[in-house]
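User: I am new to this structure and would like to learn how to read it. Could you take me through some features, giving the general idea and then the case here?

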Amino acid sequence: MTSATPAVTSRESVLSRTAQAPGFNWRRFLGRIPLHLALLLLVVIWITPTVGLFISSFRPREDIMTSGWWTVLKNPLDFTKFTLENYDAVINNPNYDMGRAFRNSLAIAIPGTFFPLLFASSAAYAFSWMEFRGRNTLFVILVGMLVVPLQLTFIPVLRLFNNLGFTNNPYVPFLSIWVAHTAYGLPYAIYLLRNYMGSLPREIFESAYLDGCSHPTAFLRLALPLSVPAIASLVIFQFLWVWNDLLVALIYVGGGRNAPLTYALSGLVNSLGQDWHLLTAAAFVSMALPLVVFLSLQRYFVRGILAGSIKG
Amino acid sequence: MNVQRSNWAPAVFLGPAVFLLFMLMVYPALETIRLSFMDRLGERYIGLANYDYALTSPRMQEAFRNNLLWLVVFTSGTVGLGLLIATLADRVRYESLAKAIIFMPMAISFVGAGVIWKFVYDLRAPGTPLQPNNQIGVLNAVLLSIRPDGTLSDAIAMLNTEGVPITDEEVMQAIIEVETARIEEAVDGEDLTRAEADELLDILPGRVREYLDGQTPPRDERWQALGQWPRAAIAAINEAIATLPPGSGRIVCNAIPHACAMQIESIEGRAIDEAVAAGTLSAERARELRDSLRAVSVEYVRSGTRPAGEGWQTLDQWDDIIAGVNEVNIRAVNTTLDTGVEPIDWIRRQGINNFALIIVGVWIWTGFCMVVLSAALKGIPAELIEAARVDGANEFQVFFKVIIPMLMPTLTVVTTTMFITVLKVFDIVYVMTAGNFGTEVIANRMYLEMYGGNREFGHASAIAVILMLAIVPIMIYNIVQFRRQEARR
């Protein structure tokens with residue numbers, strides 16, 4: 001990782017230099033065994049619950065109820081012990097209908113990510129590179145909403161949505177929750193993007209303005225492209241937040257045909273109770289997309305989010 | 001600041017965000033503050049009554065206590081473990097893999113995490129006949145594997161040691177006979193093909209062996225007599241006991257004390273009932289006797305200690321009862337082999353369940369702390385650390401005298417973030433216990449007041465305001481940090 005850029009003195013290279021003593025350094029190797037054991041133990045503890053859920057979701061009902069999932073590890077290649085029936089049931093059986101819930105979650109999460117990012121990035125630009133009266137006060141008010149418990153807003157907002165005809169709108173069934181997620185996602189997005197955009201080199205912007213560059217152009221051509229790491233990380237964060245949200249969906253969508261995955265799953269927790277073969281499969285259906293997003297975009301995601309949050 | 005000045009541009013750039021936030025957050029928050037001084041329908045001003053409820057009602061006091069517990073345990077757990085893992089992972093080659101695994105829970109929903117951990121905490125009620133190791137939740141399985149219950153072959157060994165002519169092979173044979181007979185019947189009835197039957201018969205002895213050693217009986221629907229395996233085993237044991245000369249019950253009782261204790265219990269219990277009916281024993285004393293009967297009878301079988309106190313009806317006959325025991329039953333065997341380690345109901349047992357929920361939170365949020373701290377760790381100049389090493393500092397001194405002070409600003413940020421998280425904690429509690437069993441927290445209480453039947457909007461609003469007030473100090477701190485950064489630019 002760091003060996004490719006020898007100009008940068010990283011700590012890793014310091015460590016490896018000390019390791020290059022003549023011959024194999026037994027003392028160092030033995031001294032590091034507790035380090036490896038401690039880290040390995042933590043990693044195993046962290047991953048075991050998820051592995052258990054994953055394995056169980058492929059086991060027949062009778063097996064799950066009578067033996068621990070770890071018993072299959074004795075001969076993991078015995079595929080006769082595994083089945084896809086649980087997934088078939090939770091996705092296709094209309095009683096569980098996780099397939100529809102999956103589509104609903106997509107229909108909620110995609111606009112619920114796009115709009116807050118759009119509005120937050122323009123606001124963050126204004127807070128970073130425009131000067132106007134009450135700038136700091138306004139910023140503090142907006143970002144201060146970050147600590148407002150969402151429950152504090154539900155009753156008045158629900159009343160507002162009812163008056164506007166947003167609730168159960170026949171043409172745009174998800175309108176309420178789109179608007180809600182857009183507003184609720186703004187404080188954090190503004191906060192993060194303002195920190196990121198505000199820390200971009202001001203010489204770039206100053207020289208652009210001197211050259212007659214307007215705010216819209218500077219926003220679209222400079223601020224947005226330069227903020228891609230922060231925006232990308234926010235896209236992932238906001239998408240996962242909306243996808244994983246239960247509370248807001250509970251209030252603005254409720255059950256029925258439009259319920260997203262989290263709502264459907266929490267319903268199954270109550271109704272199925274001990275039917276672990278279905279619960280584990282349903283839980284994994286709800287987790288699959290976030291896991292894919294996280295695993296495939298992880299490096300980029302972590303780098304971006306840190307650039308935004310640590311610099312602040 | 002010497003950037004462009006204009007009047008319209010800020011309005012356009014900020015318009016949508018400001019409009020949405022004022023309509024959906026600022027105004028509703030203020031409206032909710034107003035509602036906190038109104039009655040439950042928001043129609044009549046009632047002063048501070050809602051705050052009186054929010055601060056003094058028992059459920060809210062429980063919530064305050066639990067949130068305080070969360071604040072201490074959750075925050076120190078996430079920040080401490082995050083720092084530990086970041087530091088450890090920084091020194092190994094598989095750093096990114098290790099960190100990805102720790103961070104993974106951040107990607108999934110609290111509902112999903114709730115299902116995952118409910119499964120980890122799963123409890124099978126104890127006492128299922130001769131299936132002692134059948135916990136399917138990891139935590140209880142680990143707990144019981146530390147001191148496993150006895151197995152059927154343990155019972156056989158104990159009987160054999162005392163002189164009952166019985167071996168594992170004989171018991172296995174009895175089970176195999178029952179199963180084989182039923183399999184052959186199934187072949188005749190064309191429920192099984194010959195080939196299937198032969199396959200089953202082939203693996204049968206192995207499965208029976210596992211069963212004796214404490215494994216759950218194999219759940220293959222083609223087995224025909226699974227339910228009869230325990231009975232067949234006990235029948236074989238009783239057959240061996242029957243070959244002893246009459247009056248040899250003591251031998252059985254030394255191996256399986258509960259076989260005799262249960263006999264004493266039933267005879268003495270009946271005699272106590274009769275004595276109460278006849279008026280020779282007070283009902284109160286009878287209850288005392290019955291309460292201690294189990295312990296007393298087991299103790300008598302084991303050591304011959306006669307129970308103290310008046311009122312025992314059949315004490316003279318207890319030796320005869322013991323001598324006359326000529327069979328055991330499943331429950332007696334099971335009870336005797338029980339080593340006394342009970343699986344734990346992690347989600348319902350008070351004093352444990354709050355920690356069980358906090359662990360779920362720590363599992364989710366440690367990854368966040370780790371990633372932030374790890375990045376800060378890598379930002380520490382290598383020269384600084386090397387200089388400390390050259391000056392003779394050992395690894396611990398480097399950590400506490402160089403790394404920790406350098407990390408202090410980041411540690412503060414991470415800790416405040418966890419404070420805010422913990423004050424708002426809701427989903428985990430809602431999904432796993434719904435605030436029952438003594439696990440109530442402020443945010444869940446607020447939700448329940450609002451939507452949990454009574455629609456106490458006044459109560460809910462007051463609770464929300466109190467929650468806000470708890471968060472304000474952290475908010476002020478954040479603003480100070482922001483101003484400081486602004487000054488540096």
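Analyst: Start with domains, whose bounds come from an automatic or database domain assignment. For chain A the assignment gives domain 1 (14-83) and domain 2 (92-311). This is a predicted model, in which local features need pLDDT of at least 70, side-chain atom pairs count only at pLDDT 80 or more, and totals for chains, interfaces and linings use all residues. Residues are numbered from 1 along each chain as its sequence is written, while chains are lettered from A and ligands numbered from 1 in the order in which they are written.

User: How far apart do the C-alpha centres of domain 1 and domain 2 of chain A lie, and how many residues of each are in contact?

Analyst: The C-alpha centres of the two domains lie 34 Å apart. Two residues are in contact if their C-beta atoms, placed from the backbone, lie within 7 Å. Here 8 residues of domain 1 of chain A are in contact with 6 residues of domain 2 of chain A. On the domain 1 side, α3 (33-56) and α4 (61-66) of chain A each supply at least two residues, and α3(A) gives the largest share, 3 residues.

User: What is the secondary structure of chain A?

Analyst: Helices (H or I, at least four residues) and strands (E, at least two) are DSSP runs, numbered from the N terminus. Chain A has 15 helices and 0 strands.

User: What percentage of chain A is buried?

Analyst: A residue is buried if 20 or more other C-beta atoms lie within 10 Å of its own, exposed if 12 or fewer, and partly exposed in between; the C-beta atoms are placed from the backbone. Of the 312 residues in chain A, 45% are buried.

User: How should I read helix α13 of chain B, and where is its kink centred?

Analyst: The expected span of a helix is 1.5 Å times one less than its number of residues. The 21 residues of α13(B) (residues 283-303) should therefore span 30 Å, and the end C-alpha atoms are 29 Å apart, which agrees. The bend at a residue is the angle between axes fitted to the seven residues ending there and the seven starting there. In α13(B) a kink of about 50° is centred on Leu293(B).

User: Which residues of α13(B) are buried, and what do they pack against?

Analyst: Leu289(B), Val296(B), Ser297(B), Tyr300(B) and Val301(B) are buried. The buried residues of α13(B) pack against α11 (249-255), α12 (257-278) and α14 (318-324) of chain B. Just after the helix, Gly304(B) takes a positive phi of about 75°.
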